Amino acid sequence: MNTKETNKSMQNNSSALVLHSGGQDSTTCLFWALRQFKEVRTLCITYGQRHSLEVEVARKIATGAGVPFQLLNAGVISHLAENALTCPKMIMDEDKPADSYPNTFVPGRNLLFLTFAAVIARSYGIRHLVMGVSQADYSGYPDCRDTFIHSANVTLNLAMDEQFVIHTPLMWLTKAETWALADELGVFDIVRNETLTCYNGILADGCGNCPSCKLRKAGLDEYLAAKQRRQKTEQG
């Protein structure tokens, strides 16, 4: 869907449901949605992941933003296939394997998340779904790709005879650009200090060692360095 069609669609339906985990990306998307839509709801999904703190983080952020928070238990996902996010005994891949995706990939997760979100959104008369996936700067997960999102969008519309629109504001943004967007939205401090991205369940800057923390820190360092250079140039 092109930009003109998307903007027209937003005007026709001013409500959105944001898939919100309490992490950097989904929190940035939440505040992006608050700029785009008159009414916003959040959906947080538990699926047997290593830590449950992110649920409370997501709830706190949603409450602070003044939007409804809904929690859905989809623990069955953790029983479908072994992966490092739902199997505490499995050692996480620190880097993406050369010939495959990392073992933190949860097969089917985003497809199921979008299905659950669409069903719930439909019950509220909501047709806009917002998700924080990115193909530009990601861990190699196949269900973060733009082609998957478009395919899922078509499938959901056919399955429910609706006209859902899946928005992915971060799809073509690097991690540094995601930090820039949070700053532009006026929520840089919230995203940096109150979100939970760490696979080991440590708030804010996290453990510093897991793949998610490394990606987050690299983007933050790049953004802050660029911002500092820009400020020096402006000063003179």
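Reader: What makes these 10 residues the lining of the second largest pocket?

Author: Distance decides. A lining residue has an atom within 4 Å of a pocket point. In this predicted model, 10 residues line the second largest pocket. Glu94, Asp95, Lys96, Ser139 and Pro211 lie nearest its centre. The pocket holds about 160 Å³ of space.

Reader: Which classes make up that lining?

Author: Five residues are charged, four are nonpolar and one is polar.

Reader: How do you know that E4 and E5 pair?

Author: Pairing needs at least two bridges. Three bridges join strand E4 (residues 128–130) to E5. Therefore the two strands pair. They run parallel. In one of the bridges, valine 130 has histidine 167 of E5 as its partner.

Reader: Why are E3 and E5 called edge strands?

Author: Look at the order of the open sheet: E3-E2-E1-E4-E5. Strand E3 (69–73) and strand E5 (165–167) each pair on one side only. The sheet has five strands, with parallel pairing. Neighbouring strands are turned by 25° against each other on average, direction ignored.

Reader: What lies across E4 and E5?

Author: Helix H5 (residues 146–160) does, running at about 155° to E5. Helix H4 (residues 109–123) lies across E1, E2, E3, E4 and E5, at about 150° to E1.

Reader: How do you know that H6 and H8 cross?

Author: Check their axes. Those of helix H6 (residues 175–184) and helix H8 (residues 211–235) come within 7 Å and cross at roughly 65°. The crossing is right-handed. Trp179 and Ala180 of H6 are among the contact residues, as are Leu215 and Tyr223 of H8. The contact residues divide into six nonpolar, five charged and one polar.

Notes:
Residues numbered from 1 in each chain as written. Predicted model: local features only at pLDDT ≥ 70, side-chain atom pairs only at ≥ 80, totals over all residues. Heavy atoms only, no water. 1 Å grid on protein atoms, 1.4 Å probe; cavity = no way out; pocket = protein on both sides within 12 Å on 5 of 7 lines; lining within 4 Å. Points joined across faces, edges and corners; volume = space filled by probe spheres on them. Nonpolar A, V, L, I, M, F, W, Y, C, P; charged D, E, K, R; others polar. Axes fitted to C-alpha atoms, helices over the stretch in contact; angles between N-to-C directions. Helix = DSSP H or I, 4+ residues; strand = E, 2+ residues; numbered from the N terminus. Left-handed = near helix turned anticlockwise from the far one by under 90°. Contact = heavy atoms within 4.5 Å.
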